[in-house]
Amino acid sequence: MTDAVRHRVLYIEDDENQRVAMSQMLKILGYEVTCAENGQEGVEKAASWKPDIVLTDVRMPKMNGDEVIRVLRSRPETCGLPIFVISAFTDAKTRGTCKEAGANKFYAKPINIYEINDDIKSALNHKKPAILTT
């Protein structure tokens, strides 16, 4: 039996085809994945499901990606999560808004899953592990 930890990825994306494709790719790479179809649902799932990392789109119903980032950064239980933005909107204003909100990385669609996987691994390796006592 393996001691490997399956890291939890929350993917927030309003386009169903994108959601399904990305979640399948992430699962193949060994992640435990849950999805949200809008920003409000994403914030709620981040609080209840406790992901290790969040991937979010920018333009979505109910709450945009930069708003999601601001809410997650404002809460003690999610303020330290790595948050990556994946968007077709790559103009300087959108990138700047996401960076200002607290995004760690920004990717243009279509994405390179191997690049994101490398960055997810790097971000998760830099998080401080919880200290367990017996």
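Student: How do the axes of helix 1 and helix 5 cross?

Tutor: In this predicted model, the axes of helix 1 (residues 16-28) and helix 5 (residues 113-126) cross at roughly 55 degrees and come within 11 Å. Helix 1 is therefore oblique to helix 5.

Student: Is that crossing left-handed or right-handed?

Tutor: The crossing of helix 1 and helix 5 is right-handed.

Student: Which residues meet there?

Tutor: From helix 1 they are Met 22, Met 25 and Leu 26, and from helix 5 they are Ile 113, Ile 116 and Ile 120. By class, this contact of helix 1 with helix 5 has six nonpolar residues, with no polar and no charged ones.

Student: Now helix 2 and helix 3. At what angle do they pack?

Tutor: Helix 2 (residues 39-49) packs against helix 3 (residues 65-74) at about 25 degrees, and their axes are 9 Å apart.

Student: Why call helix 2 and helix 3 roughly parallel?

Tutor: Angles under 35 degrees count as roughly parallel, and the angle here is about 25 degrees. Helix 2 and helix 3 are therefore roughly parallel to each other. Their crossing is right-handed.

Student: Which residues make the contact?

Tutor: Helix 2 contributes Gly 39, Val 43 and Ala 46, while helix 3 contributes Val 68, Val 71 and Leu 72. Sorted by class, the contact of helix 2 with helix 3 has five nonpolar residues, one polar and no charged.

Student: Staying on helix 2, is Glu 44 buried or partly exposed?

Tutor: Glu 44, which lies in helix 2, counts as partly exposed because its relative accessibility is 48%.

Student: How far apart are the C-alpha atoms of Glu 44 and His 7?

Tutor: They are separated by 19 Å, and the two residues are 37 apart along the chain.

Student: Moving to loops, where does Asp 57 lie?

Tutor: Asp 57 is in the loop between strand 3 (53-56) and helix 3. Asp 57 counts as buried because its relative accessibility is 5%.

Student: What is Asp 57 in contact with, leaving aside neighbours within four places in sequence?

Tutor: Asp 57 is then in contact with Ile 12, Glu 13, Asp 14, Gly 65, Ile 86, Ser 87 and Lys 109.

Student: Lys 109 again: what kind of peptide bond joins Lys 109 and Pro 110?

Tutor: A cis peptide bond joins the two, with omega at about -5 degrees. Pro 110 sits in the loop between strand 5 (105-108) and helix 5.

Student: What about phi of Lys 62?

Tutor: Lys 62 has a phi near 70 degrees, which is positive in a residue other than glycine. Lys 62 is in the loop between strand 3 and helix 3. At 65% relative accessibility, Lys 62 counts as exposed.

Student: And what is phi of Lys 50?

Tutor: Lys 50 is not a glycine, yet has a positive phi of about 60 degrees. Lys 50 lies in the loop between helix 2 and strand 3. Lys 50 is exposed, with a relative accessible area of 54%.

Student: Last topic, confidence. What pLDDT does the protein average?

Tutor: The average pLDDT is 90, and 91% of the residues score at least 70. Over residues 128-134, though, pLDDT is below 50.

Methods. Residues are numbered from 1 along each chain as its sequence is written. This is a predicted model: local features need pLDDT of at least 70, side-chain atom pairs count only at pLDDT 80 or more; totals for chains, interfaces and linings use all residues. Side-chain values use heavy atoms; hydrogens and water are left out. Axes are lines fitted to C-alpha atoms, for helices over the stretch in contact, and angles run from 0 to 180 degrees between N-to-C directions. Helices (H or I, at least four residues) and strands (E, at least two) are DSSP runs, numbered from the N terminus. Angles under 35 degrees count as roughly parallel, over 145 as roughly antiparallel, 65 to 115 as roughly perpendicular and the rest as oblique. A crossing is left-handed if the near helix is turned anticlockwise from the far one by less than a right angle, and right-handed if clockwise. Contact means heavy atoms within 4.5 Å. Ala, Val, Leu, Ile, Met, Phe, Trp, Tyr, Cys and Pro count as nonpolar, Asp, Glu, Lys and Arg as charged, and the others, Gly among them, as polar. pLDDT is the predictor's confidence in each residue, from 0 to 100. Buried means under 20% relative accessible area, exposed over 50%, partly exposed in between (1.4 Å probe, protein chains only).
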